[in-house]
Amino acid sequence: MVSPILVIALSLFFAFVIPLLGMVSKKLPRLVPPLAMLVNLWILITNIKFVSRGAMLVTTAGLKPPIAINLAIDRFSLLFVILIQLIGLLLSVYYLSQDNRDQRFYMLFLLNILGASGIVMTGDIFNSFVFLEILEISSFGLVASKKDRKALEGGFKYMVIGAIGSSLYLLGIIVLYLTTGSLNMAEIAKLMPHIPESIKLFAALLLLAGIGVEVELFPLNAWAPDAYHGAKDEISTQLSSIISKAGIYLAARIFFTIFNGFYALKIIFYLGVITFVIAELAALMQKNVKRMLAYSSIGQMGLLMLILSLVAKRGDVFVITTVILLALNHAFGKGLLFLSLGALSGGNGEYEIENLGGNGRANPLAGFLFTVGALSIVGMPFFFGFWSKISALISLMKTNVIYLIALVLVISLVEIYYYGNVIVNLFRGEGKKYGISIVPAAVMILFALFVIVFGIWPHPVFQIAQSAAVSLIERTTYISSIIGGM
Amino acid sequence: MKLFKFAQSRSLWMMHFCTGCGAVELPPTMTSRFDMERFGIIPMATPRQSDLLLITGYLTVKTLKRVVRAYEQMPTPRYVIGFGSCTINGGMYWDSYNVIKKLELYIPVDLYINGCMPRPEAIIDAFLKLREMIDKGEANAWKKYIENYEWYKKNQAEVFDVEKWSLKK
Amino acid sequence: MSILYFFLYLLLVTIIGLLYMGAARKITAHIQNRYGPPVYQPILDVLKLFAKKDTASHGIMHSLGPVIAYTGIAATLLFLPLGNHTPLLHFNGDLFVVLYLLVVGPLGMALGAGESANSNATIGIARALSMMLGYEIIFFMATLPVFYHYGTASIYRVIQAQGAFPDWAAILFPISFIAGLFALQGLMGEKPFELVVAPHEIASGPMVEYGGKYLGLLQIWHAVGIIVETGLFVDIFFGPQSILWFFAGTFIVFFATVIVNAVMPRFRIEQAVRFYWGLPLLLSILGILQVYIWR
Amino acid sequence: MAMFYLLLLLVLVGIVSFVLGPIKVLRNIIAFLGAVTAFFYFLTNIKPGLIYSLNIRVYNVHFEAGFSSMFFGVIITALFIIFLIASFHEENDGAYYLFAYLTLTGALAVLFAKDLISFFFFFETMSLFSFLMVLKGKSDTSFRSAFKYLVWSVFGGYAFLMGTFLKVYYTHSVMIGDISYLAGGVKLLILILLLAPFAVKAALMPFHLWAPDAYKDSKDTFTVFFSGGLSKIGVFGYFLVLFKVFTEIAVKYPYFLKAFAWLGAITAALSGIYAFMQDDAKKLLAYSSISQLGYVAVGFGIYTHFSVVAALFHALGHAVFESLLFLVVAGVYYRTKTTDLRKMGGLIKRMPLSFIGLLFGIIATSGIPPTIGFPSKWLLYEALILKGDLLLTSLVFFASITAFLYSYKLVHGIFLGKLHEEHKNVKEAPLGYAFGTVVLLVPLLVLGIIPGLVIKPIDYIVRFYLKPELGYNLANMNTPLGHVNFPVVGLVMGLTFALSLFIYLIAGKSYRAEQTDNYTATEAIDEDFELHYAGEFYGFMKKAFGRPLTWSFEKILNAFLKLFSFLGEVARGFYMGDARVYLFYVIAFFALLAYLMGGKL
């Protein structure tokens with residue numbers, strides 16, 4: 001077998017190779033990321049069969065946990081890391097088509113993917129902090145890489161809030177270390193019962209701050225609209241499809257595995273609801289399509305978090321499955337939306353609805369893809385979104401919060417309203433025609449295919465998500481498989 | 001057939017074309033003093049419905065064409081009564097440049113009522129005369145119009161634009 | 001055989017209706033201190049009209065309009081019991097058949113008048129139809145309590161359910177009866193609701209392009225219409241009558257409308273409709289409440 | 001299995017005709033054959049009581065064919081064929097037919113669906129693709145109306161979904177089944193939520209706001225199917241919810257039924273009034289369609305055996321004559337390129353067949369015998385009087401009077417009056433339209449004279465749920481109140497018509513007059529003189545109605561939209577774009593948490 005540690009090691013290696021290649025030729029660097037992703041994916045896929053019900057332990061420096069740093073990969077994390085690498089691969093292929101980027105961009109991109117995968121794979125809470133830092137810093141760079149006023153502004157805001165968040169996250173880790181004397185997630189989880197409530201709560205809140213920035217929870221998500229708006233379209237895709245997914249994973253891992261569905265999740269529940277409502281309402285009033293997408297993706301994350309927090313009420317496999325489905329739908333649908341919006345606006349920053357009027361008719365492919373993405377996000381039948389939304393509602397029902405179903409449906413109507421408005425405007429009147437080269441088109445079509453194919457035949461995704469969910473739910477197995485019996 | 005003739009003579013629906021001062025004599029004729037409805041004569045709104053065209057007073061170039069049009073719109077059998085001396089010879093307007101002197105030249109007239117103005121008694125008398133004529137089958141002026149159509153048209157053409165004003169059948 | 005019977009029946013009622021029209025003219029004349037024409041005058045008019053040689057027609061629908069009109073009213077007549085005298089068909093249809101057949105006539109005339117591209121005609125039609133929003137609904141609401149009270153929708157059974165003089169529907173439901181009288185005035189198109197044929201205003205409205213035999217058909221349509229409309233009213237409100245008393249009743253009702261017609265000026269159209277939505281509507285609603293209270 | 005095959009067939013035909021998009025002839029042939037095959041497959045293979053459940057692993061989709069679904073299915077599929085044949089004359093791409101077929105698939109699947117989730121699924125499918133059909137409409141405003149339509153129908157769908165979840169939550173069964181045994185008011189809530197989408201589809205006020213625009217702006221031939229066919233889903237839904245889901249409603253909530261009936265009557269009356277105020281033919285027809293569906297709601301609201309029979313019969317009648325009217329107007333538009341009543345007129349001389357179609361269409365709309373409109377109206381009135389709600393009866397009668405007004409305005413505006421100069425040489429509508437017109441005329445007259453033909457199946461649908469009171473055979477109908485022999489009515493009308501025609505023929509002859517040979521106070525008019533009186537046709541009624549005419553549901557809706565946009569503004573207020581403020585948020589957040597958790601720390 002090939003050790004998954006290589007995923008991290010190789011990514012780092014490739015990242016440092018890039019500048020060297022850059023000296024050789026300007027064209028080479030952009031070939032590196034796809035290569036790296038391919039290798040990583042190959043490694044991960046070879047590992048799938050070794051990841052059984054518990055977590056697969058990958059030790060470093062020949063020491064056993066809890067002493068040593070280690071990766072702990074169970075089905076849940078494997079699913080997420082594969083998702084991240086896959087979207088990373090698609091994006092890096094997307095980059096192939098466009099030159100006039102300097103090599104640093106590709107470095108940042110690789111590091112970003114590295115950070116995300118690291119967060120997902122590590123079994124060590126301090127490492128998760130390290131990877132979080134890598135992730136965030138590289139994202140600041142990526143957002144700002146457009147080098148215009150908006151982009152820099154967005155990057156700056158992201159950096160400020162992200163820095164605060166991650167420092168608080170570190171603080172939380174320190175608190176846990178002081179009380180348990182361990183940095184290993186499994187170890188901490190094992191000792192969790194012995195920690196006094198107040199400390200537990202304190203730590204949980206601090207950690208929540210760090211994660212909240214990533215998953216765009218209400219008060220901590222102020223950076224998101226500007227960052228999404230300022231960044232390039234593909235970077236926005238990355239923000240919504242990769243970084244926030246890492247955040248979701250971290251939230252699930254920490255608050256469920258470590259804190260064992262601790263009631264701090266109640267806070268997440270309320271925050272999720274608030275985020276969901278406020279963001280969607282804000283999107284309703286947006287005339288700028290890209291900002292609208294930003295708000296909508298915040299809203300989606302809010303929905304995700306509130307569904308996730310339902311685990312506190314009842315550790316149910318179905319709820320986690322729903323979370324995964326929503327995450328997948330969001331990753332692909334929203335990614336598709338951002339990319340096709342880029343194609344529709346022809347790369348120049350004209351995201352106002354009236355500027356986009358008729359562009360859908362002028363560029364049919366991009367218009368069609370945007371429509372597909374939008375319909376999937378609002379959860380129309382024959383698209384993957386339908387299943388994720390239905391199962392979200394079902395899990396709401398299973399956990400006896402009927403009134404939330406009404407809320408979610410009303411907000412979904414709001415979603416229909418603004419997305420429908422955009423779609424209708426896209427196909428009204430005569431618009432400007434922009435060419436779309438083959439590679440980005442192919443990437444977008446792949447995104448769309450996922451949404452449509454699994455919208456019509458969702459069963460495989462359901463199965464995978466379920467098995468992943470099971471391995472998250474059985475936390476005792478996870479713990480025992482890392483540091484033997486408890 | 002006899003019955004129909006009887007009906008025709010007994011029910012005359014009148015369209016009074018009030019071109020001149022003669023019209024003032026009609027209200028007393030209709031209302032309670034003289035009451036022409038006794039003889040089954042009532043005023044009608046449109047030429048389509050009426051049998052009897054009553055030309056009350058002088059005709060000018062301007063009104064003649066309209067009279068002709070109205071006359072042609074009336075379904076046959078149709079009757080014309082020239083009312084007052086103006087319709088006979090222009091009356092007091094005999095030397096006016098734009099008054100029609102002789103009505104006969106343009107549409108066939110069954111009978112004239114002489115005088116200026118004829119009193120209501122005279123009008124009713126005329127109606128009764130017309131009734132007799134119909135009974136006897138003498139009131140055939142409308143047939144004359146159909147027979148000598150071209151001649152009438154020629155006369156009309158001297159006064160106004162026949163093409164525009166007369167109806168195609 | 002029965003078909004022949006229908007034809008004679010129809011002919012008879014048509015003549016009676018024409019005589020009613022003559023009577024109306026006579027009455028009006030006397031009110032205006034004149035002699036007026038002989039009572040049989042309308043018959044002469046109709047004969048004259050049918051004797052007309054060449055009448056103008058604006059096309060097939062324009063020609064068929066009066067035909068359809070007469071069709072509608074004749075068909076209605078065959079479903080309407082005249083007091084105790086019942087045509088063969090009375091049991092095959094009830095109130096709603098009659099009500100809907102009554103509409104065929106105006107519709108036919110409307111279609112015919114419409115094809116003659118004459119604005120006056122169309123304005124007349126528009127008025128006629130709008131007037132229906134006024135009187136038709138009042139008439140319906142006025143008759144409803146009777147049918148509801150006797151628990152049937154068949155005119156024949158309503159007649160039979162009523163008795164001799166004291167228990168007539170008119171006595172039982174005086175409010176509805178009055179409302180019905182209001183409605184009847186509009187239904188007959190008499191002043192103050194004579195907006196459809198307003199000779200001095202829109203040149204006799206729908207009839208403006210009709211002369212000769214078309215006008216004749218419309219005349220006999222109107223003639224039968226008088227009998228049917230007043231007859232429906234008498235049937236519903238005056239219970240079972242022998243045929244003679246039935247016609248007496250219809251004549252009395254008709255007489256009332258004629259007198260009102262003779263002394264009334266004319267409404268403007270929206271005034272007329274609004275009038276119906278005022279007092280008559282209130283009365284008919286009161287009538288309905290009355291029957292509820294009785295139950 | 002048959003049902004699944006049917007749906008599959010439809011989807012495949014749609015996809016094929018999409019692929020064949022550019023090759024017009026072949027595509028049309030395929031589309032046509034597909035529709036016909038589907039129709040006959042439906043007639044032959046699908047029997048009531050047929051059950052099939054499709055397991056897509058994640059979820060089990062249950063199908064069941066009942067009498068009602070058969071009834072509506074036949075109507076919808078037949079109308080689809082008529083729409084299809086006519087639509088070949090228009091400029092359409094392959095996608096248009098794909099969407100059309102998927103709409104039909106959704107509609108039929110809704111009829112077959114046995115469990116609520118898949119019902120919702122197919123309902124949304126239908127809404128989505130019919131939305132796309134409207135989006136492909138003819139005018140630029142079609143976008144706006146399509147959007148309106150989407151939002152409304154999705155609103156209905158979500159209400160239905162909410163109801164579904166409530167039902168599942170309380171009854172633990174996702175199947176379409178009884179909820180009337182539930183305790184408390186929740187069952188009323190579920191009832192209303194489940195009825196909402198059908199109220200939207202059948203354009204019951206106040207859910208009708210999408211309909212006039214959507215009907216006006218969708219392609220003319222599609223409107224035939226849209227108004228005649230898809231609205232039947234709404235009627236089907238009424239039946240489903242009132243009889244299968246809430247079986248004891250007459251006992252539990254009689255007042256709900258009363259309110260429902262009144263709502264239907266108000267819909268009929270008000271939209272009748274709106275209808276005769278319109279100057280656009282399609283908009284007028286849209287309102288008339290809404291008005292006619294109002295009667296159906298009344299029939300269901302009365303909830304007696306023959307009122308429901310009347311409602312279903314009227315639904316059928318609506319499908320026939322409303323589609324006929326829309327089809328004729330579509331043909332007229334095809335020739336004259338306008339639906340504005342003020343710009344047309346006198347076309348009777350140019351398009352006689354269309355005129356006949358429209359004439360009988362409006363006669364049926366006004367419910368005059370001997371057409372399909374009459375028996376249902378008659379039954380409905382009998383039911384109303386028997387129920388004893390006289391004021392409701394009067395309101396319904398008022399509505400049916402408005403039918404005369406808008407019907408005449410329609411026929412006069414298009415076919416009667418003066419022929420316009422630019423329409424001097426228009427031809428009769430092309431074959432596709434003519435075919436539909438003739439085909440629709442047959443049931444319109446036959447079922448008007450012999451209603452017994454369809455009363456029987458309808459009675460089968462209803463008598464399972466309600467005590468049969470209506471006595472009927474092929475010709476007669478008996479209610480406790482009265483009795484009609486429809487053939488006799490037809491016969492008498494024919495007879496008297498023959499008589500009057502005889503009088504007309506023996507009387508003196510007549511000549512054909514020009515339209516300029518007209519009584520215009522003896523003024524000579526020339527060809528282009530404007531004699532056609534069509535604009536402001538019932539203008540004086542504006543005065544008669546006064547202010548109330550200006551009230552509309554739009555205002556309430558706009559108030560809602562205002563509320564939402566206000567909330568949106570508030571929400572946006574949080575993201576004012578100042579980094580310092582955002583920092584403040586973070587700190588405030590922690591202050592708040594510290595305060596809330598203060599006790600525990």
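**Entry 1: H7 and H9 of chain D**

I began with helix H7 (residues 186-201) of chain D and helix H9 (residues 220-245) of chain D, whose axes lie 7 Å apart and pack at an angle of about 160 degrees. Angles over 145 degrees count as roughly antiparallel, so H7(D) is roughly antiparallel to H9(D). I noted that I was reading a predicted model. The crossing of H7(D) with H9(D) is left-handed.

I then looked up which residues meet. From H7(D) the contact takes D:Leu191, D:Leu194, D:Leu195, D:Pro197, D:Phe198 and D:Lys201, and on the side of H9(D) I found D:Leu230, D:Ser231, D:Ile233, D:Gly234, D:Gly237, D:Tyr238, D:Val241 and D:Val245. Sorted by class, the residues of this contact of H7(D) with H9(D) are 10 nonpolar, 3 polar and 1 charged.

**Entry 2: H11 and H16 of chain D**

Next I turned to helix H11 (residues 254-277) of chain D and helix H16 (residues 390-414) of chain D, whose axes come within 8 Å and cross at roughly 25 degrees. Angles under 35 degrees count as roughly parallel, and therefore H11(D) is roughly parallel to H16(D). I recorded the crossing of H11(D) and H16(D) as left-handed.

Among the residues that H11(D) brings to the contact are D:Ala261, D:Trp262, D:Ala265, D:Gly272 and D:Phe276, while those of H16(D) include D:Leu392, D:Phe398, D:Thr402, D:Tyr406 and D:Lys409. By class, I wrote down 16 nonpolar, 2 polar and 1 charged for the contact of H11(D) with H16(D).

**Entry 3: where chain C touches chain D**

How many residues does each chain bring to the contact between chain C and chain D? I found 70 residues from chain C and 64 residues from chain D. On the side of chain C, the elements that each supply at least two residues include helix H1 (2-31), helix H3 (60-79), helix H4 (95-115), helix H10 (212-238) and strand E1 (55-57).

Which element of chain C gives the most to the side that touches chain D? That is H5(C), with 17 residues. The residues on this side of chain C divide into 42 nonpolar, 18 polar and 10 charged.

**Entry 4: a strand pair between the chains**

Lastly I followed E1(C), which is joined by 3 bridges to strand E6 (residues 510-512) of chain D, and the two strands run parallel. I looked for the bridge partner of C:Thr55 in E6(D), and I found D:Ser510 there.

Notes: Residues are numbered from 1 along each chain as its sequence is written. Chains are lettered from A and ligands numbered from 1 in the order in which they are written. This is a predicted model: local features need pLDDT of at least 70, side-chain atom pairs count only at pLDDT 80 or more; totals for chains, interfaces and linings use all residues. Axes are lines fitted to C-alpha atoms, for helices over the stretch in contact, and angles run from 0 to 180 degrees between N-to-C directions. Helices (H or I, at least four residues) and strands (E, at least two) are DSSP runs, numbered from the N terminus. Angles under 35 degrees count as roughly parallel, over 145 as roughly antiparallel, 65 to 115 as roughly perpendicular and the rest as oblique. A crossing is left-handed if the near helix is turned anticlockwise from the far one by less than a right angle, and right-handed if clockwise. Two residues are in contact if their C-beta atoms, placed from the backbone, lie within 7 Å. Ala, Val, Leu, Ile, Met, Phe, Trp, Tyr, Cys and Pro count as nonpolar, Asp, Glu, Lys and Arg as charged, and the others, Gly among them, as polar. Two strands pair if DSSP finds at least two bridges between them.
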